[in-house]
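Welcome! Let's walk through this protein together, one question at a time.

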Amino acid sequence: MPTVIHKTRDQLETQRAQLLADVNMSYEQLAERAAMYSLGMDELDVWHTIEGLDHLLEGDS
């Protein structure tokens, strides 16, 4: 049986902000570097996680 994690919108937004702080970049900076394929592995992991969080946050509007 798969594991399901329940988080509030506030928790997702806090997680997103913390991830950006962890890589010391704004969303725009991270997106620009992702578009140029110039992210390190840890940064790429953050980028993919933020994409997923944004998808969840979009669906919660």
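Q: In which loop is the place of tyrosine 37?
A: This is a predicted model, where local features need pLDDT of at least 70, side-chain atom pairs count only at pLDDT 80 or more, and totals for chains, interfaces and linings use all residues. Residues are numbered from 1 along each chain as its sequence is written, and side-chain values use heavy atoms, with hydrogens and water left out. Helices (H or I, at least four residues) and strands (E, at least two) are DSSP runs, numbered from the N terminus. With that numbering, tyrosine 37 has its place in the loop between helix 2 and helix 3.

Q: Is tyrosine 37 buried or exposed?
A: Buried means under 20% relative accessible area, exposed over 50%, and partly exposed in between (1.4 Å probe, protein chains only). Tyrosine 37 has a relative accessible area of 78%, so the residue is exposed.

Q: What is the phi of asparagine 24?
A: Most residues other than glycine have a negative phi. Asparagine 24 sits in the loop between helix 1 and helix 2 and counts as exposed at 70% relative accessibility. Although asparagine 24 is not a glycine, its phi is positive, at about 55°. Tyrosine 37 is not a glycine either, and its phi is also positive, at about 55°.

Q: Which residues is valine 46 in contact with, leaving aside its neighbours within four places in sequence?
A: Contact means heavy atoms within 4.5 Å. Valine 46 is one of the residues with the most contacts inside the largest core. Once those sequence neighbours within four places are set aside, valine 46 touches Leu19, Val23 and Leu30.

Q: How many residues apart in sequence are the parts that the aromatic pair ties together?
A: Rings of Phe, Tyr and Trp (its six-membered ring) pair if their centres lie within 6.5 Å; planes under 30 degrees apart count as stacked, over 60 as edge-to-face and the rest as tilted. The count by this rule is one pair, and tyrosine 27 and tryptophan 47 form it in a tilted arrangement, 5.7 Å centre to centre with 35° between the planes. Tyrosine 27 lies in helix 2 and tryptophan 47 in helix 3, so the parts tied together are 20 residues apart.

Q: What is the relative accessible area of glutamate 43?
A: Glutamate 43 is found in helix 3. Leaving aside neighbours within four places in sequence, its contacts are Val23, Met25, Leu30, Arg33 and Ser38. Glutamate 43 counts as buried, with a relative accessible area of 18%.

Terms used
Core = buried A, V, L, I, M, F, W, Y, C linked by side-chain atoms within 4.5 Å.
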